[in-house]
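Okay, thanks for coming, everyone.

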Amino acid sequence: MKFIHFADAHLDSPFRGLSFLPSKEFNQIYQAADQSLIRIVDLALAEKVDLVLIAGDTFDSAKPSPRSQLFFAEQIKRLTDAQIQVVMIFGNHDHMRREDLLVNQSPYFKLLGADEVVEKASFKTKDNFNYDVVGFSYLNNHITEDKIPDFPEKGQNYTFGLMHAQEKETDSRKNVYAPFTVAEVQALNYDYFALGHIHARRNLSEKPWIVYSGNIQGRHINEMGAKGCYLGVIDESTKKTSIEFKATGPILWQGVQVELDAPISKADLQNRIIASLNNAEQKTYFSLTIAGAQFMTEEEQELIQDTDFWQNISQNLLFDSQFVDVRLKISSNLELNENDQQAFEQAKSEIFKNDEFDQIVSDWKKMDPLSAQLAEDPAFIDAVKQLTEVKLMGKLKGITDETETN
Amino acid sequence: MRLKQIKIVNFGQFSNKTFDLPSDQINVFFGANEAGKSTTVAFIKQVMFGFHLRSNASPFFEDYTPLAHVSPMGGSLVFENDDSEYELERLYAKGDKTKRGILTVKKDGQVVPENLFFDQIQNIDGSFYADSFIFNQEMLGQVTSLSQEDLLERIYYLGAANSGQLLKLRDDFAKEAGKLFKKTGKKPEVNRLLKQIETDRDQLAQTKAEFSDYEKLAQDLKDYKDRLRKAQKALANIQNKQASLRELQKELSNYTTLLDLQKQIKDIKFDSENYQKAQDLMAQGRNLQKMMQSLQEQLSSLTDNEINDVAESKKVVQQKPQLLQWQAEYRNCLQKADQLKQEKEQLLALSPEINQLLDLQTDDIKQLKEDFLALPSKPNEEFNENSSSDKIWYVVGAVLAVIGLILLGTAGVVGIIALIAGIGLAGFGYVKSEQANKQQAAILAKQKAVKDRRQAFYSKYNLDPDMLDLNSLLTNLNQYKLKESAEKTNSEQLNEINQKVAQLAANVQNIIRKPVDDGFDQILNGLDEIEEQINQQQELVQKKSNLSNALSQDKQDLEELNLQLKAVLAQANVEDMASYDAAYQEFLAQAKIKAQYDALEKNLHDDLDELKQEAKEPGKVLAQLQNLAAQATDTTKEIDALQAQVAKLQVQLDNLADSTAVFEAKQELANTETNFVNSSQEYLANLVVSRWISRSLDLASNERFPKMLSAAKEYFALLTGGRYVDIILDKKLTVTRKDGKKREVKYLSRGTAEQLYFALKLAFIEQIKDKINLPILIDDSFVNFDDRRIGYIKKLLEKVSENNQVLIFTAQEKLVDQLEISPLTFTKGTQDA
């Protein structure tokens, strides 16, 4: 038996961090997730799989656009027309009612566990291999209780778990996506537990399989690397399962680092950047980290953060790739006098302490839910921190340079 | 650092004046105005940091002339620190290069580098000292303009290097942050983007309604489609009914026709064969008549071209051989005339004299003959001219003579002979010539008589007797006359022919009725033409005869046909062919009716009974049909409306199905959020940098500033008796009253402002005491302090003096009393010593 497991298609969701791109680029972005889904369906048809598991968040919202619904329905129809069984659950983003889903009725399409009730469905392949799929769908955007205790004991059949959920964390406020522990799921001992929600591809366990397939198309710089689905093959006699990742996302997000260990001319810098970005094998959105940014002049720093400059660089890239992000890193501290050095270090550690940082950003944080959310986001804080360091070091360098010349 | 002794050598109004300071804590200098309090304060400052020169303007207490005319100027200060004694002596003597005075530092009596002392007070300069440690009226006045910067810079001076630049940096970043975001505001980038995010969210929320719109539309569409289907079905029913009714209607009309036909049917007999025969006979008769008519026309056309008198014409034509004969004769005559003419000319050419003789009569001719014969003959001798032979004689003689002369020179004898011979010959020649001339003269006379007679003949007859052969001439003359006679005869014959021909030409002309010349050819043509006419005439007559024969044959045939036709018509029992035709038409019509009837009857056969019934109520079907038509119209209208509605909904649905509005709204929001994130990062980074620098400076300066601020708050509360509880030192200095109200310094009373100043400065001094510990100089600063305030300040000074030595210079006895310290005084006697 063969199956495909994918999750988090997030059809119709936007890409982030690209506001400067020309509008024609957004046409490709808007089609990227669609394209990835089409490729997954193509793969299912080509591999003649028996089952496709969709582990939630197919749509970006509980009120998906008619266009994305119709598109999805069309793709599902391709599968069901080929008599490929499709089993789908809703996730925290597409916590819809079953009747709001425009997919055509078909014996080969099953929406599992409506109304957040764990449901078991039994199927049979064309070769009469029996299997069960157990799972539940979201009806609301949060599920705070652990649903694993509701999962039935494994029976005779090969058993798939299908769940959109997040591992339990110590901060209970974050446990709002059907929190579970790996041990619990392992204890169920289902043959393959297909998970959705986490956009990074990850195996929580191999014996038995507990797998996040990740999303099907990266949408911002924190969703780097190849995206797609898992193709699983089950040995029907031993029920042993092997899985293989298949990349389907048409646009890749990729981080690249350039390290500076000495001052560099503008032209050399540009050449190094182009060289480091020219390893694409498909259309790629690049985030460039420049370590040793203290070797750059203030002008260079300004230039490299200019989106027009990014666009210029992008014109040299393969596959219509884009240079979309720059992060500067200070790799060592400046030579301040010991007292000052110590003071700056201490101040830094104090300033970036949660409470202190919270106090600094408090006015801004209060303005909007988004700012409140960002203020809690480690990635955002980290970016602010890096930017802060770059800004300060750039200026301090100026001061110490002056001092030296004096 | 404790000041133990002030020793003035010369300074201001003082000379050789020494103060020993009794206390490490508070020392009071009491003196009336102008007693020298300010001078002493200036002395302390200037000995440490250099004399002040007029050229350097100074904000306070140095704007008088400290330099007396005495020399050397200056003095010394003795400090005590950590069990060591520092003596600072500064003297200025006229001629010194530096006007700051020359400083000598001794530690425990030993001269040491001045740094040893200044390092202990962090190498501050005079203004730092004045700003921080000296309190006087002027300094107090500055409190309103006191800002954080002034304090900070001084306080951070003790910590981080480049504190000034760092402070500027910090402020620059704070300013940048302020540009990007304000707590309340619309213009800064971050604020603007927040607003934009709200707008985008609203937009997205609106587009998200797409889905419910879609669902509603889909439901509506389904409903309308159902209704449409029903209406279409109803219409189809109506149309079926209409069709069957129309069918019935049509059959009914056919049935009526059938009945009509039935009525029309008659039984008639008709012999088609006989009719056909009659028809054929009629046709033949028509053909014959046509042929006869044609023959008749041909006949009448022939009679038109007849000739009048054939006999006359034939007679003329018979003259053709005659004419040809005449033509031959005519030609002969012409030939003969030519011949005679030529012969005459030949005779004339042979004997041109004929012309002279033509007019002569026979007698004249006889006379001529006699005259001619009577003529003498012509002399025959020739007159010999011998002159030529005579001359030869002369020539030969001369030649010989010449040769002889020539030879005379060469051959003597021969020459002489030749000469003589030559002369001889010439002489002979002469003799001979004389004889010949005499004979010739006789002959010439004889000849002259003959010639004259012959000349006379010639004149009479114009004939040269010398040339004349009279016989031959007369013969020719005779010949010539014969020819002339023949010519005359020929000419008469020609005339005769011409007359005959002219007669014939006239005849021909009469017959062919066009002019004919007398020329033979034309007359011959005319004759041919007449002949042709005669032939044609004969042919015509033949033709006419043929046509007449045919015509009479046809007439006969026609009569025969008519007889046959009559027989046939009689057989059919009709009078004429027209009646027979009518009978035939009626026969045909009946056959048609019968056929129609049969066809209809066959068609309707099954429904005949039903039709018989329906035919009884003729209006019923029509009424039903009208009713159905009305129903059909209504239903069609309904269908049209429903179809329009369905199409409209379908378009709306399709539009929604193709709409990328949701994605676009999301992407728009995502982009705005990205911009917001970026701007926020920028804003926050600027803000954090500024805080970071600030915090670093605090840390580097051992957190003096926050500590100072907190001490100042405490002092200020103390000085105001608790009326003010907080000091906020930001861009502007603000204080908080006990009741929570905030006040900017410029709105404070002068007394409160001075208290604030005092509190801040003392707090500052306290904070830097570990780095810089110098005596505090208070110069008559309490002029505005009332009793109660003096009480507060006393407390404060006592507190401060635990760390710093305090020197109070005052003219207020009240204060001295309240401090309960015995003061040092400025005695007049020591002045100008």
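Let's start with a question: which helix of chain B holds B:Ile392? That's helix H14, residues 387-461, with helices (H or I, at least four residues) and strands (E, at least two) taken as DSSP runs numbered from the N terminus.

Before going on, the housekeeping. This is a predicted model, so local features need pLDDT of at least 70 and side-chain atom pairs count only at pLDDT 80 or more, while totals for chains, interfaces and linings use all residues. Residues are numbered from 1 along each chain as its sequence is written, chains are lettered from A and ligands numbered from 1 in the order in which they are written, and side-chain values use heavy atoms, with hydrogens and water left out.

Back to B:Ile392. It counts as exposed because its relative accessibility is 52%; the cut-offs are under 20% relative accessible area for buried, over 50% for exposed, and partly exposed in between, with a 1.4 Å probe and protein chains only.

Now the chains overall. Chain A has ten helices and 15 strands, and 56% of its 406 residues count as buried. Chain B has 24 helices and 14 strands, with 39% of its 833 residues buried. For surface, chain A exposes about 17600 Å², 45% of it from carbon and sulfur, and chain B comes to about 47400 Å², with 49% from those atoms. Those areas are Shrake-Rupley with a 1.4 Å probe, and for residues only the protein chains shown count as cover.

On to the inside. The largest nonpolar core has 83 residues, and B:Ile6, B:Ile44, B:Met48, B:Phe117 and B:Tyr129 have the most contacts within it. By core I mean buried Ala, Val, Leu, Ile, Met, Phe, Trp, Tyr and Cys residues joined through side-chain atoms within 4.5 Å. Helix H22 of chain B, residues 750-767, gives the largest share, nine residues. And where does this core lie? Domain 1 (1-123 + 772-832) and domain 2 (146-179 + 661-770) of chain B both contribute residues, so the core lies between them; the bounds come from an automatic or database domain assignment.

Look at B:Ile44 in there: leaving out residues up to four places away in sequence, it touches B:Leu3, B:Ile6, B:Leu77, B:Tyr129, B:Leu777, B:Leu807 and B:Phe809, where contact means heavy atoms within 4.5 Å. There's a second, separate core of 68 residues, including A:Ile304, A:Trp364, B:Val689 and B:Trp692.

Most residues other than glycine have a negative phi, and most peptide bonds are trans. The bond from A:Lys207 to A:Pro208 is cis, omega near -5°, and A:Pro208 sits in the loop between strands S9 (202-206) and S10 (209-212) of chain A. A:Phe319 has a positive phi, near 55°, in the loop between helix H6 (307-314) and strand S15 (322-329) of chain A. B:Glu820 has a positive phi of about 55° too, and it's exposed, at 64% relative accessible area.
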